[in-house]
Amino acid sequence: VWVEVHLTATLRAYLPAGASGDRVVLDVPPGTTVEQVVDSLRIPSGLERLTVVNGRDASPAQVLSDGDVLSLFPPLAGGQ
């Protein structure tokens with residue numbers, strides 16, 4: 001199963017070697033969840049983030065399918 005992972009802003013620091021820009025394509029076993037990908041990238045569990053799969057909010061337990069795009073964003077603080 002191939003998934004494309006996008007990490008933006010401060011989360012880019014967790015991209016593995018070989019990443020291009022803010023993204024990397026990973027080959028993961030069938031049944032892999034969002035949480036397992038996050039763990040494999042060594043993103044700390046307490047680090048706040050928004051998680052989106054194919055443009056929709058995703059839970060850590062969501063199972064990824066071939067060709068999914070997983071995007072992680074730090075939360076945005078708003079002004080007035």
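N54 sits in the loop that links strand 3 and strand 4 (56–57). Strands here are DSSP runs of E with at least two residues, helices are runs of H or I with at least four residues, and both are numbered from the N terminus. The phi angle of N54 is near 55 degrees, a positive value in a residue other than glycine. N54 counts as partly exposed because its relative accessibility is 46%. For these labels, buried means under 20% relative accessible area, exposed means over 50%, and partly exposed lies in between (1.4 Å probe, protein chains only).

The model is predicted: local features need pLDDT of at least 70, side-chain atom pairs count only at pLDDT 80 or more, and totals for chains, interfaces and linings use all residues. Residues are numbered from 1 along each chain as its sequence is written, and side-chain values use heavy atoms, with hydrogens and water left out.

R42 also has a positive phi in a residue other than glycine, near 60 degrees. R42 belongs to the loop between helix 1 (34–40) and strand 3 (50–53). With a relative accessibility of 71%, R42 counts as exposed.

Now to the sheet. Strands of a sheet pair through backbone hydrogen bonds, either parallel or antiparallel. In this model, five strands form an open sheet in the order 2-1-5-3-4, with mixed pairing. Strand 2 (23–27) and strand 4 are at the edges with a single partner strand each, so one side of each has no neighbour in the sheet. Two strands are taken to pair if DSSP finds at least two bridges between them. Strand 1 (residues 2–7) and strand 2 run antiparallel and are joined by five bridges. Within this pair, E4 stands opposite V25 in strand 2.

Which side chain meets that of E4 in a salt bridge? The partner is R23, with an N to O distance of 3.2 Å. Because E4 lies in strand 1 and R23 in strand 2, the pair ties together parts that are 19 residues apart in sequence. A salt bridge here is a side-chain nitrogen of Lys or Arg within 4 Å of a carboxyl oxygen of Asp or Glu. By this rule there are two salt bridges. R23 also forms a salt bridge with D22, where the closest N and O atoms are 3.5 Å apart. Through shared partners, E4, D22 and R23 are joined into one network. E4 counts as partly exposed at 23% relative accessibility, and R23 counts as partly exposed at 37%.
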